[in-house]
There are 2 protein chains.
Amino acid sequence: MATGPKREPETVATPSALMAAPGYLARRIYQSYVALWTRVVDPVLTGPQYAVLTAVDSYPGVDQKSLASSVALDRSTMTDVVRRMEDAGLIVRRTALHDGRRKLLYLTEEGAGRLAEVRRLARALDEELLRGYEGAGRDQVMRELTRLAAHWESLLDGR
Amino acid sequence: MATGPKREPETVATPSALMAAPGYLARRIYQSYVALWTRVVDPVLTGPQYAVLTAVDSYPGVDQKSLASSVALDRSTMTDVVRRMEDAGLIVRRTALHDGRRKLLYLTEEGAGRLAEVRRLARALDEELLRGYEGAGRDQVMRELTRLAAHWESLLDGR
């Protein structure tokens, strides 16, 4: 067994085939965002949970099924997120008066408070994420990301 | 219990607070990419696993520690990915001759074959992901994504 000083790993460049792959860049972007979110916004409440709280706040009494696509979650993830936030006391589900299969969502008082707190930190993070993109540059990068998201989602729907 | 025809969920617009959040767009982009990858490239071998195979192919005999940052994986994910691909017979680990703590990675013949196959499908997916971005537009979107990835990663490193 070697007993010398610990050898520092060499630096290895990213293979050019990866640098040219849009999906590799998408992973780097998303995983750094998730790590930043956990560190500076909230270590427990996730981005998707925040999206659901935001949407329920915008549409009090919305039914759970209608909500999924508006926050870009599939049905089963949505069900899971809602259940967790109901357990955490942030959301209540009520059965619709004339249709027992519809579950209508509302924020609790605690949910509204938590949302306000997380929103403040999430917006501060957004500012940092877009630092260096000023004025028209900011609009442009947001437009590019929106276009890319819509294009990739359309590939998925079209299959 | 209601017995009428199944009610179609209403369409609910994405709250504007989310539309303006870069992290929400990053999630939509990454999750649609992952879903496309699973569907058209490989349902078992993941994007990060493909990145590791690609890097080991570029640097035969590279040590595992050096590899992690070149494929944007943290050390523990890297260890997990390498173990899975060793179990699958795609990679072999050999102990370095003069330093028992260094694990050097090589593709097996099967690993090289699998990589060639997955690479062909991954490149076809990349073409679809960038369809509609021609010539300079393609360079521009790749540059924008690269810049954003580097900026977000630097926020993480700087903390």
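I take helices (H or I, at least four residues) and strands (E, at least two) as DSSP runs, numbered from the N terminus. The model is predicted, so local features need pLDDT of at least 70 and side-chain atom pairs count only at pLDDT 80 or more, while totals for chains, interfaces and linings use all residues. Residues are numbered from 1 along each chain as its sequence is written, chains are lettered from A in the order in which they are written, and side-chain values use heavy atoms, with hydrogens and water left out.

**Entry 1: Thr14(B)**

I located Thr14(B) in the segment before helix H1 (16-19) of chain B. I looked up why Thr14(B) counts as partly exposed. The reason is its relative accessibility of 23%, since buried means under 20% relative accessible area, exposed over 50%, and partly exposed in between (1.4 Å probe, protein chains only). I then listed its contacts (heavy atoms within 4.5 Å). Not counting residues up to four places away in sequence, Thr14(B) touches Ser70(A), Met19(B) and Tyr24(B). Its side chain reaches the backbone oxygen of Ser70(A) at 2.8 Å. I also noted that Thr14(B) and Val52(B), 38 residues apart in sequence, are 36 Å apart in space, C-alpha to C-alpha.

**Entry 2: Glu144(B)**

I found Glu144(B) in helix H7 (residues 136-157) of chain B. The side chain of Glu144(B) does make a polar contact of 3.5 Å with that of Gln140(A). By polar contact I mean a pair of N or O atoms within 3.5 Å; within protein, one must be able to donate a hydrogen and the other to accept it, and residues adjacent in sequence count only if both atoms are side-chain atoms. Leaving aside neighbours within four places in sequence, Glu144(B) is in contact with Tyr133(A), Gln140(A) and Val141(A).

**Entry 3: the contact of chains A and B**

I recorded 77 residues from chain A and 77 residues from chain B in the contact. The two chains bury about 7,400 Å² between them, 62% of it on carbon and sulfur atoms; this is the accessible area (1.4 Å probe) lost on putting the parts together, summed over both. I counted two salt bridges between the chains. Glu153(A) and Arg28(B) meet through their side chains in a salt bridge (2.8 Å, N to O).

Definitions and conventions: A salt bridge is a side-chain nitrogen of Lys or Arg within 4 Å of a carboxyl oxygen of Asp or Glu.
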